[in-house]
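Colleague: I have a model open and would like to go through its inside with you. Can we start?

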Amino acid sequence: MTQGRSVNRGPGRILGVLGHPVAHSASPAMHNAAFAAQGMHALYGVFDVAPEQLPQAVAGIRALGLCGVNVTIPHKEAVMAYLDEVAPTARQVGAVNTIVNRGGRLIGYNTDGWGFLISLEERGVRVAGRKVVLLGAGGAARAIALHLAMAGVAGLTIINRSRARAEFLVADLARANQPVAAAVAEPGSEEAAAALAEARLVVNCTPLGMAPDVEQTPLDDLSMLPADAVVYDTIYRPLETRLLRTARQRGLLTINGLAMLVHQGACSWEYWFGRRGPVDVMRAAALAALEEAP
C-alpha cells in the first residue's frame, strides 16, 4: 500500500469518525490511547452525522483543518461523491473508510480489506489457495472479497439473500481485473451446502448476531465445515457471536471483528501519519472500551 502523509504537522491534530449512529464506536478509545502512547498531540472524536448532513460535514473537514477522519455506516459509499480524489482500491471496493486532508484536498482510501488480511496473518492463517465462503454482499463483503481475490484464494462463494446483489459483487471483481473462481448461492440452498463443505475460511459480513440481537446467526449448522476451517465474524459487539461460539465448540479456529477493527485503524495511520498505528495499544484500548460498554 502507498503510504499517506498528513499535511497537518502542527502541534495539534484533530481526527474522528463520521457515522450515524456512532456514539458506540470503540475507535476514539483506540486511537486516543495510541496517540498518548506515541506522545502525539492529537485528538480523535466522534461525529454523528445524519445522511442529509454529510455534504456539510465533509466541507467541515476542509474548513476546520481536520487532519483526517474515518468513515463508518451509513456513509462509506455516499461520501465518495464529496471527495476530491478516491484511491483506486477504494474505487474498486466502492466504499471509503479513511479520508486524508492534504492542504484542503480530501482523498479517500479503504483499509477494511487490508486490515482483514493482516488480522488473518496475525493468527497464522494464509488465505492463498483456500476456498472461501462470504456470508453477505454489503460494503464489508466487497472490501474483503476484493482483497481475498488479490491474495490468491482458490475459490470464493458469496451466500446472500439477494442473489442479484451477490452477482453484482462477482461482476465487480471481474471489472476490477481480479480473476477468481467466484460463485453465488442463496442461504439454505444445495449450492450453499456444497460450498460450505469445502470452505476453509468462512467470513460473516452480515449484521446477524450483532447486539442486541445476539441469538441470531447467519449459519445454524456448522457440521459440514472441514475440521481445519477458520470462522471469522466481522462483528465485534459481542466479541463472541453465536456463530463464533458454535464454531469454537466444534473445535474450529475463530476470529472476531475486533481484529479487523484494530488493524483497519492501524492501517489508517499509514495514510494520516506515514506509519502504522501501535496495534497492541490499540487492541487493549478497544477491548477495554467494549468491555465497559453497556
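Predicted model: local features only at pLDDT ≥ 70, side-chain atom pairs only at ≥ 80, totals over all residues.

Colleague: How many residues does the largest nonpolar core have?

Modeller: The largest nonpolar core has 34 residues. Those with the most contacts inside it are F116, L134, L148, L156, L201, V203 and Y232.

Colleague: Which elements each supply at least two residues of this core?

Modeller: The helices are α4 (112-122), α5, α6 and α9 (257-273). The strands are β7 (131-135), β8 (155-159), β10 (201-204) and β11 (230-233).

Colleague: And which one gives the most?

Modeller: That is α5, with 7 residues.

Colleague: Back to L201. What does L201 touch, leaving out residues up to four places away in sequence?

Modeller: L201 touches F116, L120, V127, K131, V132, V133, L148, V230 and Y232.

Colleague: What about a second core?

Modeller: There is a separate one of 31 residues, and A42, L261, F273 and L290 are among them.

Colleague: Why do nonpolar side chains end up together?

Modeller: In soluble globular proteins they tend to be buried together.

Colleague: New topic. How many cavities of 30 Å³ or more are there?

Modeller: The count is 1, and about 50 Å³ of space lies in the largest cavity.

Colleague: Which residues line the largest cavity?

Modeller: Q92, V93, R142, L146, L169, D172, L173 and A176 line the largest cavity. Two or more lining residues come from each of α3 (88-93), α5 (139-150) and α6 (163-175). The largest share, 3 residues, is from α6.

Colleague: How many of the lining residues are nonpolar, polar and charged?

Modeller: The lining divides into 5 nonpolar, 1 polar and 2 charged residues.

Technical notes
Residues numbered from 1 in each chain as written. Heavy atoms only, no water. 1 Å grid on protein atoms, 1.4 Å probe; cavity = no way out; pocket = protein on both sides within 12 Å on 5 of 7 lines; lining within 4 Å. Points joined across faces, edges and corners; volume = space filled by probe spheres on them. Helix = DSSP H or I, 4+ residues; strand = E, 2+ residues; numbered from the N terminus. Nonpolar A, V, L, I, M, F, W, Y, C, P; charged D, E, K, R; others polar. Core = buried A, V, L, I, M, F, W, Y, C linked by side-chain atoms within 4.5 Å. Buried < 20%, exposed > 50% of the residue type's maximum accessible area, 1.4 Å probe, protein only. Contact = heavy atoms within 4.5 Å.
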